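Ready for a few exercises with the structure open beside you? Try each task on your own, then compare your steps with the worked solution.

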Amino acid sequence: MEIRLTSNMSAEEMLPLWPGIVRCLEKYCARFNDETPENIIAECAQGKRQLWVCLDGGTVVLTPVTEIVTINATGRKRLLLAEVAGERLDECMPLLREIEAWAKDQGAETSQLVGRDGWAKVLPAFGYAPKARIFEKAL
């Protein structure tokens with residue numbers, strides 16, 4: 001299993017991966033209806049976010065999407081693990097260290113994931129601790 005940052009890949013390397021990338025993003029967007037695959041891809045292409053691919057051989061199994069955000073009040077940078085879509089999460093989780101190392105090279109001091117309650121079972125093994133809960137209400 002390996003992880004690659006798509007912005008570091010050539011068009012030729014990316015071409016066979018697009019069906020798997022789109023499949024993963026569509027799966028995520030079907031669950032959370034406030035995002036679209038087209039928007040995610042566009043923001044990654046513009047450099048606002050980063051699209052990663054977890055590969056088993058040449059097969060895309062997971063597509064983490066990240067963003068480096070700057071906290072206005074302090075100027076500190078944070079890695080935001082924005083969307084994670086696909087399958088075989090448990091096998092891919094050790095690859096998170098590579099994303100974190102990349103983020104540290106970009107100046108990020110912390111990493112944050114906003115996700116469903118199921119993440120509370122997975123993340124402590126990787127050094128993450130709950131900091132807050134997000135509550136939402138439809139208006």
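## Exercise 1: Aromatic pairs

A search of the whole structure, which is a predicted model, finds two aromatic pairs.

**Solution**

Step 1. Take tyrosine 28 and phenylalanine 32: their ring centres are 4.9 Å apart and their planes meet at 40°. Planes under 30 degrees apart count as stacked and those over 60 as edge-to-face, so this pair is tilted.

Step 2. Check the accessibility of these two residues. Tyrosine 28 has 14% relative accessibility and counts as buried, whereas phenylalanine 32, with a relative accessible area of 27%, is partly exposed.

Step 3. Turn to tryptophan 52 and tryptophan 102. Their ring centres lie 5.5 Å apart and their planes are at 80°, so this pair is edge-to-face.

Step 4. Tryptophan 52 belongs to strand β2 and tryptophan 102 to helix α5, so the pair ties together parts 50 residues apart in sequence. Tryptophan 52 is buried at 4% relative accessibility, and tryptophan 102 is buried at 18%.

## Exercise 2: Cysteines

How many disulfides does a search of the whole structure find?

**Solution**

Step 1. The search finds zero disulfides. The cut-off to apply is a pair of cysteine sulfur atoms within 2.5 Å.

Step 2. For cysteine 24, the nearest cysteine sulfur is that of cysteine 54, 8.9 Å away, and cysteine 24 is in no disulfide. Cysteine 24 counts as buried, at 0% relative accessibility.

Step 3. For cysteine 54, the nearest cysteine sulfur belongs to cysteine 92 at 3.9 Å, and cysteine 54 is in no disulfide either. Cysteine 54 is buried too, with a relative accessible area of 1%.

## Exercise 3: The nonpolar core

Which residues have the most contacts inside the largest nonpolar core, and which element supplies the largest share of this core?

**Solution**

Step 1. The largest nonpolar core has 21 residues, and Cys54, Leu81 and Ile99 have the most contacts inside it.

Step 2. Now sort by element. Those that each supply at least two residues of this core include β1 (2–5), β4 (77–86) and α6 (119–122). Helix α5 gives the largest share, four residues.

Step 3. Return to cysteine 54 and list its neighbours beyond four places in sequence. Among them are Glu2, Ile3, Val61, Pro64, Cys92 and Leu95.

Notes. Residues are numbered from 1 along each chain as its sequence is written. This is a predicted model: local features need pLDDT of at least 70, side-chain atom pairs count only at pLDDT 80 or more; totals for chains, interfaces and linings use all residues. Side-chain values use heavy atoms; hydrogens and water are left out. A nonpolar core is a set of buried Ala, Val, Leu, Ile, Met, Phe, Trp, Tyr and Cys residues joined through side-chain atoms within 4.5 Å. Buried means under 20% relative accessible area, exposed over 50%, partly exposed in between (1.4 Å probe, protein chains only). Contact means heavy atoms within 4.5 Å. Rings of Phe, Tyr and Trp (its six-membered ring) pair if their centres lie within 6.5 Å; planes under 30 degrees apart count as stacked, over 60 as edge-to-face and the rest as tilted.
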